[in-house]
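Visitor: Could you walk me through this protein in plain words? I'm new to reading structures.

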Amino acid sequence: MHSKNSDLIVVSYNGVIQDRSNRLLESSILSKKDMVKNKNINGILVSLKGVIYEGDPNVVMMMVKYLNALSQNIGIPISVIDYSMELFRILKKYTKTTKIKLFKNMNVANLFLDPKAYKEGMCVLLYDDDEENSKRLSSELSKYGYSVIRAKDPKEFQERMHQEAHDIIITQSALNEKLSNAASSKNALALSKKLISNLPVFMDTAVETLVSFTGLQAEKSAHTIKGFDTSLDVDNICAVMHFKGDLEGYFTLVFPKDIAIIALESLLGEKVGANDIETLKDGVGEFCNIITGSTKTAFDKKDIKVIFDLPKTYNSLKATQGYIGENNGVWIDMQLAGKAFYMFITK
């Protein structure tokens, strides 16, 4: 049984998930091959609404194998929708190395596969306990011009569900797109061309802002394309701000503790203890706020709309990397009062 929704074909998986049903599903999808060739179809959705799962993950694995092979045979994306939480966990495991996408329901599938069906600027509330998956979903949605609110944990998700207006909620979904050779290569840079062309705004604004607020001399010394550098052999204080809108990514400020103390004492006009980590974290977080606030103003003048989230602060490079991920980005060597500090911008 199947139905057509917009430019998507929906095929229902009926009854118990078992080998016989998998083969019936395969036959049903193959019968749509001519329809796919002759019409503008964006994808096939396999609905698991009302299916019976008897606890054997192997039959789910076989279903995924059939669907992955069918997608390559027909030449069109195949996605799975309308599953339970239990099935989502199993499907996510077995689809991870395939191109099979998972969408909680039809509305979410349309959002990704047929974005013209929705208005640009629509507000999306997103939560996934898999941080990397959450980032990927958010990045993809931002490309379509949607405004994405990405909750960081279940508590924030519940609060935003009840306190903020949003058009659609996304959970339990996964794109599972394999990285191309270019994107997965060591020197690949995932930043958009628009963001790359506007990197000088971040650099120039950081210099101007720090000079203005601390009275210290600041300058950029070099930049390289690489992953977030966790090898710095000094104690560091980091602040990270996610930004979205016309540009999407993460802005990270890395201050070795000695320069964090110098900068903060210059800003406050009072001594800061070397062991007062919370004050140092708050201070670097405030510098991050000030820099991005000035950056936003500069972007507004260029008619580039960007929203910065509140900063997250860390006194561990590994913890910082755990939040922003391991994608390559632009690592910028900076100096303040002749001492090194760093900025990192990634997707």
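What follows is a short chat about the structure shown above.

Guide: A quick note first: this is a predicted model, where local features need pLDDT of at least 70 and side-chain atom pairs count only at pLDDT 80 or more, while totals for chains, interfaces and linings use all residues. Residues are numbered from 1 along each chain as its sequence is written, and side-chain values use heavy atoms, with hydrogens and water left out.

Visitor: How many helices and strands does the protein chain have?

Guide: Helices (H or I, at least four residues) and strands (E, at least two) are DSSP runs, numbered from the N terminus. The C-alpha atoms fill a box of roughly 75 × 40 × 40 Å along the principal axes. Counting up the secondary structure of the chain gives 13 helices and 15 strands.

Visitor: What percentage of the residues count as buried?

Guide: Buried means under 20% relative accessible area, exposed means over 50%, and partly exposed is in between (1.4 Å probe, protein chains only). Of the 347 residues in the protein chain, the buried share is 50%.

Visitor: Which residues do ring pairs link into a cluster?

Guide: Rings of Phe, Tyr and Trp (its six-membered ring) pair if their centres lie within 6.5 Å; planes under 30 degrees apart count as stacked, over 60 as edge-to-face and the rest as tilted. The structure holds 14 aromatic pairs. Some of these rings join up into a cluster, made of Phe202, Phe243, Phe251, Phe299 and Phe308.

Visitor: Why is the pair of tyrosine 83 and phenylalanine 88 called stacked?

Guide: Tyrosine 83 is buried, at 4% relative accessible area, and phenylalanine 88 is buried too, at 6%. Their ring centres are 5.7 Å apart. The pair counts as stacked because the angle between the planes is 20°.

Visitor: How far apart in the chain are tyrosine 127 and phenylalanine 157?

Guide: These two form a stacked pair as well, at 5.5 Å centre to centre with 25° between the planes. Both are buried. Tyrosine 127 is in the loop between strand 6 and helix 6 (131-143), while phenylalanine 157 is in helix 7 (residues 154-163), so the pair links distant parts of the chain, 30 residues apart.

Visitor: Which ring does the charged end of lysine 135 sit over?

Guide: A charge sits over a ring if NZ of Lys or CZ of Arg is within 6 Å of the ring centre and within 35 degrees of the ring normal. For lysine 135, the charged end is 4.9 Å from the centre of the ring of tyrosine 250.

Visitor: Is strand 14 enclosed or open, and how many of its residues are buried?

Guide: Strand 14 pairs antiparallel with strand 9 (residues 218-226) through 8 bridges. Strand 14 and strand 15 also pair in the antiparallel sense, over 8 bridges. Strand 14 is largely enclosed by the rest of the structure, because its buried residues number 6 of the 8.

Visitor: Which residue takes a positive phi in the hairpin of strand 14 and strand 15?

Guide: That hairpin has 2 residues between the strands. A phi near 55° is found there at alanine 337.

Visitor: Is aspartate 303 buried or exposed?

Guide: Aspartate 303 is found in the loop between helix 12 and strand 12. Its phi is near 60°, a positive value in a residue other than glycine. With a relative accessible area of 58%, aspartate 303 is exposed.

Methods. Pairing = 2+ DSSP bridges.
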